[in-house]
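Hi everyone, thanks for coming. Let me walk you through a structure that may be new to you, one stop at a time.

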Amino acid sequence: MRKLLILLPLLLCVGLLAAKVDLNTADYDELRQLNLTEKQARDILEYRDYVSLFTDIFQLRQIPSIDQRTLLRIKDKVVVSMHIQTDEAQARRNEIRYLIERLDSNEGASEGMADVWEDYLMTPHNVNRMHFDDFVSLPNVSAMEAVAILKRTARGDTIAEMRDLRNTVGLTHYGYTNLRNYVYYKEPPVKDRLFFDASLQYYTRYFEEGSHDMLHEPFLRSSYGNSSITVPHKKDLSYWGHFNLDKVDPDIVMKLRARWGNNFKLGWMNYSGKGERGIQDKTAEEIIKDSKYYAGYENNSLPFLKNTRVKLYAGHYRATYGEGLVMENTDYYSARKTGFGFSKRILGITPDLSRTQEYALRGGALEISHPLFTASAWASVDDKDAIVYVDQSGDPVQVNGKNKIFSYVVPTIRFDNDDMRAAEAKFNTEIASGSVYAVPYINLAYRKDAFREKLWGTHLQINPWIGTRLGFTTYTALYDDAHFVVPGYNDLRSLLVRDSYYYPKFKMLDAEIAGLYSTYKPGQYERDYRRVIGFDGGTVIGNTSIQGEYAELTVSGKDYKLGDDPHALLVSAHTLFDNLYFITLYRDYDVGFDNPYSNAFSEHEKFDDTILEKNVYTLTNTLLSDIYLGSTQAQPERGVYFETRYKFNNFFTIGRSYLDLFERKTDGRKTARFQSELEFRPLYQLALRLRYKNQVNRMDDMAERGVSKTNEYTLVARTFLSNRDFLEFEYRYNTVLSPPYTSLTNPAQPGNNSMAAAMTLMTGDYIGVNYTHNFNDNLKLQGSFIYWFSHGISHWDWEDMEIDFMGDKGAKAWVALHSRISDNMNLSIKFRNKTYQTKEYSIRKYNVPVDGESYFPRVERKENTIRLSLDYRF
């Protein structure tokens with residue numbers, strides 16, 4: 001009884017409060033119950049909607065129709081609650097902000113995929129209506145987990161909420177945590193509305209080592225350095241000096257995107273790279289030509305066919321199918337791209353505002369998908385950059401009325417054609433001033449928009465049962481104004497190498513270059529197209545998925561007959577347990593399989609170790625090295641790859657570990673590459689990681705001269721502090737055992753090689769510190785300091801959102817500040833200083849000193865870069 005008497009006043013107060021009308025939430029009828037006139041009630045609603053929410057009762061006097069008498073009469077009948085007005089899109093963005101930041105930080109690697117995944121995060125798909133390809137295109141969601149969900153929904157067992165999704169049999173905890181933010185269950189978190197994204201990036205980057213050396217390589221007469229005649233300085237006889245590439249010349253990227261829900265989409269992007277003219281120096285026509293754009297329509301529920309969706313895009317788009325053997329258009333290469341985990345492919349047609357230029361598709365694309373089938377068709381018309389045959393005046397050489405083309409190329413710098421011709425004329429004058437070379441002028445040159453490519457393709461896929469798919473993909477590229485002409489291996493040397501003295505530098509593995517596709521082979525065939533045909537498929541058996549693709553390039557065989565032309569094959573299996581996975585992958589790529597739109601798994605990109613990489617100074621034009629530097633295709637290789645990860649318990653985890661056994665087809669070199677790591681986590685806040693990497697070239701014959709062995713030992717200590725702060729210490733030690741070079745100790749004439757040189761052991765180490773500090777939810781600081789001494793070994797560092805390869809010895813420090821200026825705007829500023837030494841070079845002819853400059857000491861270089869990113873999302 002006493003407890004009841006104590007609670008009675010409290011219950012009375014709650015009842016009185018509940019009876020009052022809340023000015024911030026009341027509707028029209030509730031306001032009319034206060035004996036307000038219609039005008040007074042509507043004025044209160046309009047004030048609340050268009051001026052401000054109420055913070056106190058007396059704010060009513062700011063409404064003209066509410067006089068003092070009315071206020072006194074209703075003040076005891078109303079209440080003002082604490083109400084925070086939150087836009088639903090902003091609320092969703094706050095909820096997934098850390099995921100968006102993660103996608104933005106990976107943009108350098110994913111190249112445009114982040115845009116698609118961010119759209120999925122902001123406007124998720126209904127998990128009960130998604131298709132198989134939708135699931136497997138999401139990061140870290142496996143085919144087995146997709147099948148588990150699809151089988152459940154096929155039984156009519158609707159997934160009603162997040163906890164319900166987690167209880168799906170066959171869905172691992174890891175898969176669930178990666179999937180949950182990309183889906184909804186009943187009502188979408190954000191209704192259809194307008195979304196607008198704008199971003200600007202300013203980056204004063206430096207060229208990577210390969211591009212830097214290529215652009216610095218001079219065009220010199222044969223007698224340069226020992227002539228009494230005054231000659232130009234060699235710096236002015238390189239592309240670097242001629243175009244004054246020492247100047248600060250930033251990359252600038254501008255991007256605009258707008259969409260209405262997941263249905264109507266628009267986008268525009270302009271990218272001006274270092275060494276290229278900025279948007280302010282271009283005409284309107286040039287801006288349109290060099291920009292990327294799209295307009296798209298997507299409908300996930302066609303009214304006339306249940307659970308059927310359509311995509312329609314005009315402008316720039318990406319097309320990706322199977323394992324990337326037939327079609328995955330991008331300008332960027334990634335080693336060991338399995339298609340699982342963090343190296344996903346987004347299958348199908350998607351909009352494209354990436355920095356991809358050479359292999360961009362511009363035209364129209366249509367995709368219709370249903371749980372039982374998928375049909376896609378696309379067409380593109382675009383001008384492509386190329387390496388072309390030119391005469392001594394710089395004019396293109398023709399064959400049968402068409403320009404003679406050597407190869408597609410992704411250039412380091414997209415020089416304008418008139419500027420290139422002027423530079424080549426200057427270099428040709430210098431080359432011709434000395435004794436005559438075998439090729440006395442630049443005979444192969446880079447040209448921007450050198451030919452027009454008309455491309456059309458299609459993909460047809462049937463899904464007979466859940467998790468099983470059979471697909472057919474083909475495309476044809478038509479060349480009306482160009483002929484691709486590549487000589488055979490025996491004639492290629494005299495085309496690529498300027499001085500016959502360097503002919504021995506042309507080796508067996510340069511047959512890879514001779515494997516480039518030709519549309520014109522004198523005495524064999526002449527055509528105006530390139531056609532690739534392929535079949536892909538996959539199925540899920542228990543907790544294992546098996547998938548693969550076969551592709552064939554039409555050269556001299558028949559389209560309807562398989563195996564009579566250069567081909568590529570990839571088959572993989574993925575087995576998944578809660579704390580363990582296995583990946584097994586087999587690939588076999590022919591030397592003659594030259595598909596510029598292929599981007600499949602490999603250990604190295606095409607032309608690795610060829611004369612285009614190793615001996616740039618011997619080439620008739622140093623820019624030919626761009627064929628290698630910009631390669632996106634897999635190197636011709638055959639091999640098997642194993643990968644695993646196993647978490648024993650909360651303390652010990654074997655991290656991503658792999659073994660790759662493969663053979664390079666051009667010269668038969670067999671290589672083994674192994675990497676494994678063990679992580680010990682005694683506390684959640686502390687992780688100790690030990691990583692070991694080993695690579696052996698020519699592993700099949702340890703007595704062979706080309707044997708080399710690389711070992712890398714890494715120790716990492718990580719601490720996860722409060723407020724998501726992070727501190728990491730890393731130490732790395734490398735050894736490289738190089739093959740002997742007998743000519744460095746004994747003249748190379750016959751009979752003088754009795755004492756072979758020993759194998760050379762190179763060592764190097766690296767120490768680094770990485771730090772992240774979150775001041776609050778809106779301000780974050782990241783930084784790193786690294787010191788290395790490589791002794792000739794190549795060190796690398798995954799820096800923020802890009803990979804960086806360092807010089808021989810040096811130090812690097814960078815700091816980045818990420819600020820959320822407002823609810824819709826984010827600012828990121830990064831400064832980096834890199835100071836390092838180059839290698840020491842001594843040039844000689846088989847122990848005989850050369851005339852002129854022959855010794856090049858170490859040079860200290862200093863690089864200071866700034867990257868500014870501004871993003872606005874509404």
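Let's start with helix H13 (residues 209-216), whose buried residues are Ser-211, His-212, Met-214 and Leu-215. Down the axis of H13, these buried residues fall within an arc of 165°, so they line one face of the helix. "Buried" is under 20% relative accessible area with a 1.4 Å probe, protein chains only, helices are DSSP runs of H or I with at least four residues, strands runs of E with at least two, numbered from the N terminus, and the arc is taken from the directions from the helix axis to the C-beta atoms.

A word on the source: this is a predicted model, where local features need pLDDT of at least 70, side-chain atom pairs count only at pLDDT 80 or more, and totals for chains, interfaces and linings use all residues. Residues are numbered from 1 along each chain as its sequence is written, and side-chain values use heavy atoms, leaving out hydrogens and water.

What do the buried residues of H13 pack against? Helix H14 (239-242), helix H20 (626-629) and strand S40 (860-873), with contact meaning heavy atoms within 4.5 Å.

Now, the cavities: sets of points on a 1 Å grid over the protein atoms alone where a 1.4 Å probe fits but cannot get out, with lining residues having an atom within 4 Å of a point. The whole structure has nine of 30 Å³ or more. The largest cavity holds about 220 Å³ of space. Its lining has 17 residues, and Val-136, Glu-323, Gly-339, Phe-340 and Arg-469 lie nearest the centre.

Definitions and conventions:
Buried means under 20% relative accessible area, exposed over 50%, partly exposed in between (1.4 Å probe, protein chains only). On a 1 Å grid over the protein atoms alone, a cavity is a set of points where a 1.4 Å probe fits but cannot get out, and a pocket is an open set with protein on both sides within 12 Å along at least five of seven lines; lining residues have an atom within 4 Å of a point. Grid points are joined across faces, edges and corners, and a volume is the space filled by probe spheres set on the points.
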